[in-house]
Amino acid sequence: MRRPIMLGIVGDSAAGKSTLTGGLVNLLGADRVTHICTDDYHKYDRKERAQIGITALHPDCNYLDIMEQHLERLHYGLPILKPVYDHSNGTLVRPEYIMPKEFIIVEGLLGFYTRVMRQFYDVKVYLNPPEELRRIWKIKRDTTKRGYTAEQVLEELVKREPDSEAFIRPQREFADIIVTFYPPKGVDPEKIDGHLNTRLVLRPTIPHPDFSYLIDNRAENSGIRLELGRDMGKPVDILEIDGNVPEEEALRLEETIWKHLPKGVPPLNLDRLGRYLDRNEIKHSHPLALTQLLLAYHLLRAYDENATIPFAPPVDALSRIRRQRELSLKEINTEIKRNG
């Protein structure tokens, strides 16, 4: 029996979590992926938060203990009754029965906040776009999908900033991969056509594919660069992918990732790789595609490794097994005494 493979994606509001998650679900297959949003665990609806004077980013505004319990159950392949928060109108609605599948993607604001939560993920990703770009994304999203005016969004950003600084950004420390989508130098973020550059900070907390061929790939027009650097004082690999990366270079990196995939892993829906919605038009981005493929690689690698590891049932299941064993021993001993 395999346990599910869990990916955590954390970032501030409108950092791109849902876009990245949606692409991964399409890539791996919706029939094999369970998607959980930790923002569903809010204690208060939008109206109550305004009355109390608390933001959705604050830990006290969320049932973190229930979140921990649910992550544990999902880790062991057990179902949960997940709360649901309706972002379109800010209300708490009927809970949803969730049965975990082969892969579980958990995205939201506070997914890495406690040590208990962090222990259940196989891969942890933090999204870290420039604040100016995130502000633009949040205004576009909240005015079109969540019923806010631009003025209300800007006011909310000011209110949330102390909690972003105190509770959201510190979770960056615990990520295995830090993803930053950003506009090319000198390009106005308001006028970007979707071809964003991508910087991937690859920490040695999980094994990454061998990208050593990129060390010598320093031509200005290559569009992809790998550098050795430091993040928070610790050595890391930094993979840079330009938004206008040449097709042949992007395909070469895709091929490199493919070579490291274990044999026999579930197939991927490559026809949807790197797709995103821009002003009601479907477009394709090589940096996004390569980011999705790298994350899929890590999930599939963990999936393959997990196939050879004995699956330990959760504590309550172990207790049931132990009780059954004790009862069986008692029955045997009783039978021995009865027959002399």
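**View 1. Asp-122 and Arg-3, both buried (under 20% relative accessible area, with exposed meaning over 50% and partly exposed the range in between, for a 1.4 Å probe and protein chains only).** The side chains of Asp-122 and Arg-3 meet in a salt bridge at 2.6 Å, N to O, the term denoting a side-chain nitrogen of Lys or Arg within 4 Å of a carboxyl oxygen of Asp or Glu. Because Asp-122 lies in the loop between α4 (115–118) and β6 (123–127) and Arg-3 in the segment before β1 (5–10), the pair ties together parts that are 119 residues apart in sequence; helices (H or I, at least four residues) and strands (E, at least two) are DSSP runs, numbered from the N terminus. The model is predicted, so that local features need pLDDT of at least 70 and side-chain atom pairs count only at pLDDT 80 or more, whereas totals for chains, interfaces and linings use all residues. Residues are numbered from 1 along each chain as its sequence is written, and side-chain values use heavy atoms, with hydrogens and water left out.

**View 2. Salt bridges of Glu-156 with Arg-160 and of Arg-169 with Glu-161.** Glu-156 is partly exposed, at 22% relative accessible area, while Arg-160 is buried, at 11%. In the pair formed by Arg-169 and Glu-161, the closest N and O atoms are 2.9 Å apart. Through shared partners, salt bridges join Asp-12, Glu-131, Arg-134, Glu-161, Glu-165 and Arg-169 into one network.

View 3. Lys-82 counts as buried, with 3% relative accessibility, and its side chain is joined to that of Asp-40 by a polar contact of 2.6 Å. A polar contact is a pair of N or O atoms within 3.5 Å; within protein, one must be able to donate a hydrogen and the other to accept it, and residues adjacent in sequence count only if both atoms are side-chain atoms. Not counting residues up to four places away in sequence, Lys-82 touches several residues (heavy atoms within 4.5 Å), among them His-70, Pro-95 and Glu-96.

**View 4. Met-232 in the loop between β9 (224–231) and β10 (234–241).** Met-232 is exposed, with a relative accessible area of 53%, and, leaving aside its neighbours within four places in sequence, is in contact with Arg-172, Glu-173 and Arg-203.
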